[in-house]
Each structure stands twice: as structure tokens, then as C-alpha cells.
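Here are some exercises to work through with the model open beside you. Try each task before reading its solution.

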Amino acid sequence: MSLDKIVSISGKPGLYHLRAQTRSGFIAESLADGKKMPVGLRHNVSVLSEISIYTLDGESPLREVFAKIAEKENGGSAIDHKGSKDELEAYFFEILPNFDEDRVYASDIKKVIQWYNLLQKNNLLGEAQKETADEASEEGKSKVAAKAAPKAQTTANTQPKGGKSSSAKKGASAKSTAARKK
């Protein structure tokens, strides 16, 4: 199972797995207790694969943060998310030393650690780590392909004579529309 099917629903604790789509939303199953519930359009839903953590260099996708936590913990569970703010921040600095302290709050760190532990408990992190490894290998392949591809030479001028671009076509169609109205 990938992180594309795991969501966080605002106002609801924990994480949920998308099970089925309905007319007015979808059915979600809690990872904590297995209960299913309908989720309508009024709920704010965040897909885990779309969440990133702010860093000083840009953003780091959540699956990469999970992979770093798993690497540090050797696939085991992380510290308790109910620890003090200082403990959580010190732990997160070990995982992601360049996270942006001004934009990543203690509550965000708490959620990330809680989500990691929940996914690890349900054996769902193997898929996320596999996705991260696949993306890294695809990125490496695309860089190699970009270096190996010869650069195309453009010798022809793509702009029509007279220096007019595609706006000349728009003007012509506007004139013909105006002519039809008469």
C-alpha cells in the first residue's frame, strides 16, 4: 500500500486508508482501530504523499522523512509522540537537521512521529520506503539520460515573417467575427 491511499482528516485523530469512493465523498478505514466511516466534501482531507516538511533548502516529502526515521530506528518505532517539545525537536534535528524551525512547529513534529509510529505498527512503511528508492533510481536515470541525449540544433526561425506571432491569427479571427456580425 502506498502513501497515496493514506489520508489525514482534519478534526479526526490518526490516519485513514481510503477504501471506496461514494457519490458524496469516500469511505475511510481508521488505521488505529479499523472502523470505517464516510467522509464527505465538508471534511478537509490531506493525502500523505502530497505532504512535505519545510527545510532551509526547500521542502522534503514526507515519505523521505519517514525513510530517514526508519533508517535511524532500523525499521522500528520512533520515540513517543507525547514527549516534551524539546525532546521532539532534538529527535527531529537528528532526522532532518536542516528543517525550518520557523515554519515547522512542535505540533507538526508530533504529528509526523505519531504518523510514522502508526504506519510502522501497521507494516505500511515498506511500501513508502520502496517508493522513495524507486524515485531516487528514476531520478538518477533521468539525469543520465539528459546527459547522454544530444542537444538539438535549431537553425530555422520559428517566428513568421513580419515579426508577428500567434497574435496575428487572433486578430484575423476577430476581424472575421466582426465582419459576420455586420
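Residues are numbered from 1 along each chain as its sequence is written, and side-chain values use heavy atoms, with hydrogens and water left out.

**Exercise 1. Find the stretch where pLDDT stays under 50.**

Start with the whole protein: pLDDT (the predictor's confidence in each residue, from 0 to 100) averages 77, and 69% of the residues score at least 70. Next, look at residues 142–174, where pLDDT stays under 50. For this stretch the model has two contacts (heavy atoms within 4.5 Å) beyond four places in sequence. Where pLDDT is low, the predicted coordinates should not be read in detail.

**Exercise 2. Describe how H1 packs against H2.**

Helices here are DSSP runs (H or I, at least four residues; strands are E, at least two), numbered from the N terminus. Begin with the geometry: H1 (residues 62–72) and H2 (residues 85–95) have axes 9 Å apart and an angle of about 95°. Axes are lines fitted to C-alpha atoms, for helices over the stretch in contact, and angles run from 0 to 180 degrees between N-to-C directions. H1 and H2 are therefore roughly perpendicular (65 to 115 degrees; under 35 is roughly parallel, over 145 roughly antiparallel, the rest oblique). Then list the partners: Val65, Lys68, Ile69 and Lys72 of H1 meet Tyr91, Phe92, Glu94 and Ile95 of H2. Five of these residues are nonpolar, none polar and three charged. (Ala, Val, Leu, Ile, Met, Phe, Trp, Tyr, Cys and Pro count as nonpolar, Asp, Glu, Lys and Arg as charged, and the others, Gly among them, as polar.)

**Exercise 3. Which residues make the contact of H1 with H3?**

First, the axes of H1 and H3 come within 11 Å and cross at roughly 70°. From H1 come Leu62, Val65, Phe66, Ile69 and Ala70, and from H3 come Val112, Trp115, Tyr116 and Leu119. By class, the contact has nine nonpolar, no polar and no charged residues.

**Exercise 4. Which element gives the largest share of the lining of the largest pocket?**

Strand S1 (6–9), strand S6 (52–55) and helix H3 (106–121) each supply at least two lining residues. H3 gives the largest share, with four. By class, the lining has seven nonpolar, five polar and four charged residues.

How values were computed
This is a predicted model: local features need pLDDT of at least 70, side-chain atom pairs count only at pLDDT 80 or more; totals for chains, interfaces and linings use all residues.
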